[in-house]
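Subject: Structure handover

Hi,

Here is the structure I promised to pass on. Please open it alongside these notes.

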Amino acid sequence: MKRYNFFRMTSLALVLSLPFLITSCDKDDDPVVTQPKTITETVVDGTNFTLLEAAVVQAGYANLLGTTANLTVFAPNDDAFRQLDITGDGVPDLDTEAKIKALTGASLDLLKSVLNYHVLTAKVPSSAITTAGIESATYATTGSGPKLFAKLNGTKAFINGVEVVSADVAASNGVIHVINKVLIPPTVTITGAVASLPQFSRLLYAINRVKNGGGADIAAALNGAGPFAVFAPDNTAFSNSGFTTDASLDAVPVADLQKIILHHAVGARVFSSDLTAGEVNSLLTATDNTKKLTINLTGPAVYGAGNGTNAANWPKVKAANLMMNNGVVHIIDRVILP
């Protein structure tokens, strides 16, 4: 009798403990699900976003990038910030946290506009970027900001000609694409840039001389809607090509000078990542189809027949993908000759 009761009690105890055992096993076997971090948390925790983190905090954007849903952020890594020279004086402007944290007033407003230009208010995975290219307005506190242009060239995605080095970093409120250069938003047209930057004073002189001499109003054309791509020779480029002073341009007949200038412009938005070896039409080609630009990807170089066959004399791009409201500018080191 005692034996029967013992087994009965033991069986009852086992039955009563089964739910506990099953529950314990279920808890132990459940996989641990890691929730994606927000965009802000991803930037803060990223080992290569030290300077971007400083910029986001200084601009007061940590909450914006941590709580706003469905964002796309093109995130410049630390190397991108270290090479950023906004002023064009050859000295990096935001290569340390101390420099970023010291920004106030107009300089801080500029930082905010730069950060705005890296944010889209819609989630755009890399799979949406096509060989045909897409364009999208960027974040702005009111309305919409200037556009970014994304394109797939080969197997790589580019934003305004800048390579995406790591795509589709997941975040709980959007997606991050890491880039290796800071994007600068456009503020003027191509004509506006030529007119305002001292390094283009000789190009501006040549453009004005053509108009004042009865030729085309090239300034008005490059101030239009476009889009255009201009391979712009700076003052050093003019000197390298024998035009050492404005007066030396006076010796060139107006008709010839007009052809030279028109041969520096293309009627399309062409980033450095879009360049392919071969011939392309310039604005001069429209009136003289024997005149074409030749692209050589070493450099890359962009030249005309007048530059000859010696590669040393071919104008090379020394600063690429400068965004303008109506196109893009690439600075070259020599004048293109038709």
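One term first. A nonpolar core here is a set of buried Ala, Val, Leu, Ile, Met, Phe, Trp, Tyr and Cys residues joined through side-chain atoms within 4.5 Å. Keep in mind that this is a predicted model.

The core. The largest nonpolar core holds 30 residues. Leu-52 and Leu-111 have the most contacts inside it. At least two core residues come from each of helix H2 (39-45), helix H3 (50-59), strand E1 (71-76), helix H5 (78-82), helix H7 (105-116) and strand E7 (174-179). H3 gives the largest share, with 6 residues. Now take Leu-111. Leaving aside neighbours within four places in sequence, Leu-111 is in contact with Ala-55, Gln-58, Ala-59, Leu-94, Ile-100 and Leu-103.

A buried arginine. Arg-202 sits in helix H9 (residues 201-212). Its relative accessible area is 13%, and buried means under 20%, so Arg-202 counts as buried. The side chains of Arg-202 and Ser-239 are joined by a polar contact of 3.2 Å. Not counting residues up to four places away in sequence, Arg-202 also touches other residues, including Asn-235, Phe-238, Phe-243, Asp-246 and Leu-249.

The surface. Ile-86, Leu-110 and Ile-184 make a nonpolar patch of about 210 Å². Ile-86 lies in the loop between H5 and helix H6 (97-101).

Best wishes

Notes. Residues numbered from 1 in each chain as written. Predicted model: local features only at pLDDT ≥ 70, side-chain atom pairs only at ≥ 80, totals over all residues. Heavy atoms only, no water. Buried < 20%, exposed > 50% of the residue type's maximum accessible area, 1.4 Å probe, protein only. Helix = DSSP H or I, 4+ residues; strand = E, 2+ residues; numbered from the N terminus. Contact = heavy atoms within 4.5 Å. Polar contact = N/O pair within 3.5 Å; in protein donor to acceptor, adjacent residues only side chain to side chain. Patch = residues over 30% accessible without salt bridge, like charges linked within 9 Å, V, L, I, M, F, W, Y side chains within 5 Å. Areas by Shrake-Rupley, 256 points an atom, 1.4 Å probe, with all protein chains shown as cover. Salt bridge = Lys/Arg side-chain N within 4 Å of Asp/Glu carboxyl O.
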